[in-house]
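Open the model in your viewer and keep the sequence panel beside it. This tour goes from stop to stop: select, look, move on.

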Amino acid sequence: MSSTILDCSDIDQYLGKAITSSRLRDPIANNDIRRWAHAMHYPNLLHYDPTFAEESRWGRIVGSQSFACAIDDGMGTSPACVGGIPNSHLLFGGEEWWFEDRRIAAGDWVHNERIPFDYVVKETRLAGPTCFQRGDNFYTNQHGQLLAKQRSTAIRYNAAAGGANVNKDEFDEPEWTDQEIEALEERKLGWIRMLRALGHKERWWDDVKIGDQLPERVFGPHSVASFTTEWRAWIINTWGAVQVRKIDMIALGFTPEMAGCENDPDMLLENPEITDGAYYGPSRGHLFPKYARKIGMPRAYGYGGAMGAWVIDFMSGWAGEHGMVVHSVANFRGPALSGDVTIQTAKVVDKSVDEKGRHLVHVRHLMANQKGTTMATGTAEIALPKRPG
C-alpha cells in the first residue's frame, strides 16, 4: 500500500461547469492544416496538396479529422486538469471522440467549450494513488455547428512518486543502423502507397469483411526534433496566435520546476520565450530527459494529444475521403519515447448499420513500439459508403 497522499478534493467544485476558453485571433489558414498533417506524420494529400484537394469531394484543402485538437490550449486535457492537486504532474491518459461529418477549412473560426466531467483515484505502478480525471471538449465552427466532441482523460499523480519509479533501463535510446533505417523507410511506404492507391475512390463497406486487418502504419524513429515539430503544430504555441486564458500552474499543483509561465498572456508581452512550456514549464519533460525523469518518464517522450491524432488519422486515412471515423476510443498505455518506432495495426471485428442508416465497420486498434510494448489500445466505428443497388 502506497504512503503517498493525493488530495483531489478541490476538483469537486468545478465538475459540470464550463471553464474559461482561449480564442483564436485569426481564422484557420491552409498552412495551419498543412503544419498539423506534417507534425502528425500524416502524408494524406488532401490536407496539404491543393491540386489533389481540388479534385476531392470538398474541392479544397481540408483539415484531417484530428485537426480540431490543434486549436485547443491544452491538447484536449484542459477540462481534465482543473482543481489543485498539490505537488502533482499530469500525463494524457486517453480520449474518446464523436465526430460530425464536417471538416475544418481555411477561413473557419473554431471554438472549444470545455466542461469538467468526473474523476476517480486508483492505485498505479507509476505513482501509487493516481487521479484519473475526465473532461469534455465541444469543438464548434463560426456557424455554431458542432464539429466534434472529445472526452479526455488526464492522469494526475504525485510527481516525486513518479520520479522515484522511473525505469532506468530505458534511459538510453536504441541505436538504428543505416540498413535498419532503410528497411524501416520501405516498411513505411506500405501504408503511404495504400493512401495513394485509394486516392479519391470509395472504400466500400460491402467489400470489408470481419477479420480483415487494416494495413499497418509505421513511423519514426521519434526524436526531440519530431516532438518539437508536434509541439509547434498546436496553434497556441505560436506567439500571439491565440488570446490565451490566464492559468495559475502553481495553483493547479505543478511542482516549481515544472510550473513556469506556459502560455501566460501577461508574460507573452514581456518575455515570450519563457511562456513556451516545452522550454520552461509543464511540457519541458517531453524534450529534456532531466525533467522527464523527475516525473517518471525515462527519456524525452511524445505528446498524448499527438498519439490521439495518430489513432484518428490511421483509421481516417484507411476510410478515405468518402468515409469517416464516427467514434473512437483510445486508452494510452505508454509513451512514444525518443528513438522508438510506432507501429499501428487494427482488425475488423464487426459490421453494422446504425439508427442513422450509416454503414459502420467496427475495429479494434493497437499501437506498439518496435519491441512490442503496448502504447495504446482501443476501438472505433468507421462509416463507409455502401455500393449502390
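Start in a loop. Select Asn-263, which lies between helix H7 (256-259) and helix H8 (265-268). Helices here are DSSP runs of H or I with at least four residues, strands are runs of E with at least two, and both are numbered from the N terminus. Asn-263 is not a glycine, yet its phi is positive, near 55 degrees. Asn-263 is buried, with a relative accessible area of 9%. Buried means under 20% relative accessible area, exposed means over 50%, and partly exposed is in between (1.4 Å probe, protein chains only).

A word on the ground rules. This is a predicted model, in which local features need pLDDT of at least 70 and side-chain atom pairs count only at pLDDT 80 or more, while totals for chains, interfaces and linings use all residues. Residues are numbered from 1 along each chain as its sequence is written, and side-chain values use heavy atoms, with hydrogens and water left out.

Next, select His-41. It sits in the loop between H1 and H2, just after H1. His-41 also has a positive phi, about 60 degrees, without being a glycine.

Now go to Gly-220 and Pro-221. A cis peptide bond joins them, with omega about 0 degrees. Pro-221 belongs to the loop between S6 and H5. For context, most residues other than glycine have a negative phi, and most peptide bonds are trans.

**Helix H1 and its neighbours**

Show H1 and helix H5 (residues 224-233) together. Their axes come within 9 Å and cross at roughly 150 degrees. The axes are lines fitted to C-alpha atoms, for helices over the stretch in contact, and angles run from 0 to 180 degrees between N-to-C directions. That makes H1 roughly antiparallel to H5. The cut-offs are under 35 degrees for roughly parallel, over 145 for roughly antiparallel and 65 to 115 for roughly perpendicular, with the rest oblique.

Which residues make the contact? On H1, pick Arg-35, Trp-36 and Ala-39; on H5, pick Thr-229, Glu-230, Arg-232 and Ala-233. Contact means heavy atoms within 4.5 Å.

Stay on H1 and colour Asp-32, Ile-33, Trp-36, Ala-37 and Ala-39, which are buried. The buried residues of H1 pack against H5 and H10.

**Aromatic pairs**

Show the rings of Phe, Tyr and Trp (its six-membered ring). They pair if their centres lie within 6.5 Å; planes under 30 degrees apart count as stacked, over 60 as edge-to-face and the rest as tilted. By this rule the count comes to 10 aromatic pairs. Select Trp-36 and Phe-67: they form an edge-to-face pair, 6.5 Å centre to centre, with 70 degrees between the planes. Trp-36 is in helix H1 (residues 30-39), and Phe-67 is 31 residues away, in the loop between helix H2 (50-54) and strand S2 (88-99). Both Trp-36 and Phe-67 are buried.

Move to Phe-219 and Trp-310. This pair is also edge-to-face, at 4.8 Å centre to centre and 75 degrees between the planes. Phe-219 lies in strand S6 (residues 217-219) and Trp-310 in helix H10 (residues 304-319), so the pair ties together parts that are 91 residues apart in sequence. Phe-219 is buried at 4% relative accessibility, and Trp-310 is buried at 0%.

**Charges over rings**

Select Lys-149 and Trp-98. The charged end of Lys-149 sits over the ring of Trp-98, 4.8 Å from its centre. The rule asks for NZ of Lys or CZ of Arg within 6 Å of the ring centre and within 35 degrees of the ring normal. Now select Arg-284, which lies over the face of Tyr-291 at 3.8 Å from the ring centre.

**Last stops**

Select Arg-114, in strand S3 (residues 111-124). At 1% relative accessibility, Arg-114 counts as buried.

Finish at Ile-295, in the loop between helix H9 (289-294) and H10. Ile-295 is buried, at 1% relative accessibility. Leaving out residues up to four places away in sequence, Ile-295 touches His-89, Tyr-157, Ala-159, Gly-162, Gly-163, Met-258 and Tyr-301.
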